[in-house]
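Me: I would like to learn how to read a structural model step by step. Could you walk me through one with me asking as we go?

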Amino acid sequence: MRKAHITMLFLLAGLLLAAACGQSQKNAAPTLYQCPMKCEGGKTYPRQINCPVCNMKLQPLTDGPEKKANTAEIPELSIFHLSSEWHTQAGDTVTFRDFQGDILVVVMIYTSCKSACPRLVADMRNIHQKVGRADGIKYIFVSIDPETDTPDRLKEFARKNLLESDEWVFLHGSTDDVREFSNVVAVKYKKISPIDFSHSNIISVFDRNGVLYYQQEGLGVDNKEIVAKIKALRERGR
Amino acid sequence: MTRTCLLLVSWLAMSAGPASGQSSTEMQKITGGTFVPLYGADSAEVHIDDFYLDVYPVTNAQFVDFVRSYPNWRRSQVIRLFADQNYLRTWADDTTLGAGMLPRAPVTYVSWFAAKAYCECLGKRLPTMDEWEYVAMADEKQKDARADSLFNQRIISGYETPDTHIQPVGSTYRNFWGIYDMHGLIWEWTSDFNSVLISGESRKDGDTDRNLFCAAGSVNATDLMNYAAFMRYALRGSIKARYSLRSLGFRCAKDVSE
């Protein structure tokens, strides 16, 4: 009885662990182990212990082929591997994978910023204008100040800045996920007072598979190159 | 989600013992306080809440257990977004240490993403840079030994000694908090290492290119004499989260829950 109970707990715990540690991983499930003699039928264990019946060492189960296929089409350097969830200014919950098929132009800002961010917003707007036709392109603002920048506040910011059409997306995430994302795009930031942050001024372009394609560094720089890059991606077709 | 991990760990500890799998390093409680780090916020003083910190850096043996349980983090499986080609490069294969590597030596050649995942799987987290620096300013007797020139000298000479990372954890001194190896063994990842807004590339630092960093002018060293700390911040400013470096490892921290 007790053994069965413990086994149940193990299985349950294994599942929970898989959920907890699944972040940022190729496929969330850890290896499961099974007795090579199948003494207990198809029963699996999260750890490589010995079979409780025949005492043989359990063998790892190999991943099913369909699982492999599921991630195979996504390049290794794609941000679609990030499992973090984000809230948009419209109140939707999304992951980066939901943007698959779109070219992404991404910048990290915070809305109470008075110095660089308005210029970054202007830079995004200028790029948007020069690129023209925005179908298949998303312009994304990720807030580095999730405590202040609630989805509602982001919505208000979008409205004030006349960035309300579909191609403009504002993302709110957890402090941890924002930090992780900043590491993916090599943006640095630091909270330097209750209302202010230091941060890098970088606009990143991702291709339709979520792979970083180009980065523009600096404020108010000539955007000829980044515009050309986005157009080139668009010409590549789907 | 972290809580579920915690439950498992405590349950394992009670009923199964630390037989196999990822073993959790003993922690010490650090009493919070206020200090002025080399690079701080506007107000210069930084407040640290109470927290727990691993007594030792994570070891090779512990990391082997981790990748056994989580194949996604094995050398051949890890995806390039989360670790560069140097990840665990000195290992013989996916789950075996290289010849001559000590199981009790700190694990190095690990990326920030891997270090973060490791801690999360134990219901822990990486320490913040300020937390790490707060603990690192202690010598054997004092919470803050930074004014002691001998202490600084010792840290610097540790940085100058080659191959300290191949020694077992616990090789260096036990500090005021009961924590080992803050200096003299390895460099360590922190959760917000990328909040250092110096690039490590002098062409991009300083006044000439403020455009790269907003408000960068407000981030200045409070004590340029603190050369050892300056080296740590410079390293943090120059690395990326995918990097796996020869002498860069980590340890985990945890909040003190009410």
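Below, we take up confidence, then strands, a helix and some backbone angles.

Me: Where do I start, and what scores does the model have?

Reply: Start with confidence, since this is a predicted model. Its scores are ipTM 0.77 and pTM 0.77. For chain B, the average pLDDT is 82, and 79% of the residues score at least 70.

Me: Which elements of chain B have the lowest and the highest mean pLDDT?

Reply: Helix H1(B), residues 2-15, has the lowest mean, 38, while strand S4(B), residues 51-54, has the highest, 98. Residues 1-20 of chain B stay under 50 in pLDDT, and the model has 27 contacts beyond four places in sequence for them. Residues 199-222 of chain B are also below 50, with 46 contacts in the model beyond near neighbours in sequence.

Me: Now for chain A. How many helices and strands are there in chain A?

Reply: Chain A has six helices and 11 strands. Of its 238 residues, 39% are buried. Looking at contacts in chain A with a separation of 6 or more, 60% are between residues 24 or more positions apart.

Me: Which strands pair with S10(A)?

Reply: Look for bridges. S5(A), residues 103-109, pairs with S10(A) in the antiparallel sense over four bridges, and Val107(A) stands opposite Ile203(A) there. S11(A), residues 212-217, also runs antiparallel to S10(A), joined by five bridges; here Ile202(A) stands opposite Glu217(A).

Me: What should I make of a positive phi in other residues?

Reply: Most residues other than glycine have a negative phi. Tyr109(B) has a phi near 55 degrees and is found in the loop between helix H2(B) and helix H3(B). Asp163(B) has a positive phi of about 60 degrees, in the loop between helix H5(B) and strand S5(B).

Me: Are Tyr109(B) and Asp163(B) buried or exposed?

Reply: Count the neighbours. Tyr109(B) counts as buried because it has 23 C-beta neighbours inside 10 Å. Asp163(B) is exposed, because 8 other C-beta atoms lie within 10 Å.

Me: And a helix? How many residues of H4(B) are buried?

Reply: In H4(B), residues 129-136, seven of the eight residues are buried, so the helix is mostly covered.

Me: Last one. In what order do the strands of the open sheet in chain B lie?

Reply: The order is S1-S4-S8, three strands with antiparallel pairing. At the edges are S1(B) and S8(B), each pairing on one side only. From one strand to the next, the twist averages 25 degrees. S1(B) and S4(B) share four bridges, and Gln28(B) has Leu53(B) as its bridge partner in S4(B).

Terms used:
Residues numbered from 1 in each chain as written. Chains lettered and ligands numbered in written order. Predicted model: local features only at pLDDT ≥ 70, side-chain atom pairs only at ≥ 80, totals over all residues. Pairing = 2+ DSSP bridges. Helix = DSSP H or I, 4+ residues; strand = E, 2+ residues; numbered from the N terminus. Buried ≥ 20, exposed ≤ 12 C-beta atoms within 10 Å, placed from the backbone. Contact = placed C-beta atoms within 7 Å. pLDDT = per-residue confidence, 0-100. Axes fitted to C-alpha atoms, helices over the stretch in contact; angles between N-to-C directions.
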